[in-house]
Amino acid sequence: MVMNVKTLSKDVSRRRFLVGSANAGLVMGLGALLPGCSQEQAASDLAAGDMTRSFSPAVWFEIDAHGAVVVNIAKAEMGQHVGTALARIVADELGAAWDSVSIKHVDTDPKWGFMVTGGSWSVFTSWAMLSQAGAAGRTVLVDAGAALLGVPASDCVARGGKVSAGNQSVSFAEIVQKGDISRSFSEEELAAMPIKPAAKRDLIGKPVAALDIPAKSVGAATYGLDVELPGMVYAHPLIPPTRYGSSILSIDDRAALEIPGYQRTIEINDPSKLIQGWALVIADSFPSAMKAAAAIVVDWTPGPTAKVSESDLIAEGERLANDKSTGVLVVDDGDVAAARAAAAKTHTGIYRTATALHFTLEPQNALVEFDADGICHVHAGNQWQSLILPQLAAALEMPESSIVIHQYYLGGGFGRRLYGDQMIPAALAARALGKPVKLVFQREEDSRFDCTRSASVQQFDASFDADGQLTGVEHAAAAGWPTLSMAPDFLADGVDGNGKFDTFSVSGADHWYSLPSHRVRAVNNDLAQKTFLPGWLRAVGPGWIGWGVESFMDELANLAGVDPVEFRLARLDAAGKNAGSAPTAVGGAARLAAALRDVRDRSGWGRELPAGEGMGVAVCHGQERNMPTWVACVAHVAVDQSSKKVTVKKLWQSIDCGTVVHPDGALAQAQGAALWGVSLALHEGAAFKDGQVAERNLNTYTPLRMADVPELDIRFMASSEMPTGLGEPPLIPVPPAIGNAIFAATGTRARNLPIRL
């Protein structure tokens, strides 16, 4: 790619949008790297609540001499159709014909900036940038097209891949071939670039084909596991008994020497210490590697957490949550202590969640080769290239600039592939052997190596005055923090300046209810942190925070003798800090209240149900407070009194995520997230035993099966506001809605996930 830089300002610290000709085409993008492309800058932006600055690729899109539009995608595709959504934003503003648009997933060239796909951020963080870029591109095309047509630019429109004025038109292809398309815009000009009003959009929110589906449908899409290189060998991991502190005493491979294809077993020594106590079995084929791995005997010295169990982790969480001297303050509104001291009545609720696995369909894998120039090429699907790249560099003791991560489709990410630690042993082995190494995990090794969702404990202490009115809520949330281990730069400061906390592990506790006083403590479960690598599982912290907050709200409504919907609506008054603000949270809690009223009406809330059946409600503002997607959910369940089996009959959701960019993909994401919520509520759950997860395959780890899928009724609220995240929020209210429905049906309050009656 060659950029036209002749008009680029010497002030390279400022970004400048460039349009110019290169390779007989038109390229549009930034002329200089954003100042916010480093992990440190991105962390700073995130902590400051601005998630829109640091995720800007350098070249957004190109138009060739035939009018074909290629949109470069620096996000991972794992079934959420992110490429289609981002391409729609560009193409709509540009006025392109959708059948001329294609997408290209890019590698880790620094020009793409900070690369991460997670947190339901992709559309949210890209919306303004890509809209303005598309609008700038349209401006150039219209001006150049008008000149070719000999008419004023004000008489022209760009639509369907051509610029038209009356009955005259010129195609984008002709403009690229003949027009004057060299131009630049300053950062200020780009920011001021008007984007189309919703009424004039042709692609956003309309039914169009997803660009990634055809290749996936015919089996032509390439996933990380599909990649092969000439001369490569296969590697099977031998995983130690503990994540940290294990070391190898001896390796006995005599039984493997007779297995055809077995080559050798190599011990991995990782200078970065991220991979501890590993060995890789090397073979000509993966079946040979599997057989050899089963035959090899390794004698390990385990780490200090070799006896830790799930009950140990929960007990430590309960101790920490109950100890008010622990943790970091996340919310401190009003005077909770005074409310507690003056209370006529108090009530405490403790909520727990068990360890949960990612269980991606495509197990972890990585293929690594070093080229003749010593450049390390990593082939794997990954969600957070900018996180693992410096860690690869530390492990290989070579500069980041000498490492390229090539991106592929992900056979399920769900947060597991935010970390790419499987690349490290593959890279060390490839360099040691001098040939490409393809490392593949079997399911059970994948489970043992997973960055599991931490077990969690939440304690809620509510106080009431003599009239029975709620006067305060204190909330403590204890869990392992993924960000503490993998990306400590992203830890945020507590509200009192006394320590840092993992926002990803407590988001949702800073909810949009108006309470007389409210305090939240985020507590790191240090035993969890030492035992395993806590990971980001879909919905991350809100996945367990929402379980506690919305279940406890139901308890409070019951204590007050008020309908749970009305109890919530009374506190979603959009007052004070909950009023919301532009551009991401216009309307604040009032929009959540509107979604709640909508789902109340659609579900027939309050109607008579047969014995053993009940309806429960829950809401969320997932994923983050500064990126609120308003979701209200009602669950209808039936509980078999003899077997205690819970059947979810139907889920209703009303979702306000602002502008819905790609309706088909949005609905699919909402459906998938809602069903994942059912799975975590009733079907999934693992337990640590002897320092490792005990459930490692589908015979014991049992996600939701097709026979248990409930009827879904999901509706998006009409909105033209800025789009917010969607991949995770619809998951969050499902478990508490189910738990609250069980209470309505049986009078039994579920406080542990997965729910077992």
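Across the whole structure, a search finds 16 aromatic pairs; rings of Phe, Tyr and Trp (its six-membered ring) pair if their centres lie within 6.5 Å, with planes under 30 degrees apart counted as stacked, over 60 as edge-to-face and the rest as tilted. The model is predicted, so local features need pLDDT of at least 70 and side-chain atom pairs count only at pLDDT 80 or more, whereas totals for chains, interfaces and linings use all residues. Residues are numbered from 1 along each chain as its sequence is written, and side-chain values use heavy atoms, with hydrogens and water left out.

Select Trp278 and Phe441 to begin. Their rings form an edge-to-face pair, 6.0 Å centre to centre with 65° between the planes. Trp278 belongs to strand S13 (residues 278-283), while Phe441 lies in the loop between strand S20 (437-440) and helix H12 (443-449), 163 residues apart. Helices (H or I, at least four residues) and strands (E, at least two) are DSSP runs, numbered from the N terminus.

Next, select Phe114, Trp384, Phe490 and Trp536, which form one aromatic cluster.

Finally, turn to charges over rings (NZ of Lys or CZ of Arg within 6 Å of the ring centre and within 35 degrees of the ring normal). Select Arg625 with Trp512: the charged end of Arg625 sits 3.9 Å from the ring centre of Trp512, over the ring. Then select Lys216, which lies over the face of Tyr409 at 5.0 Å from the ring centre.
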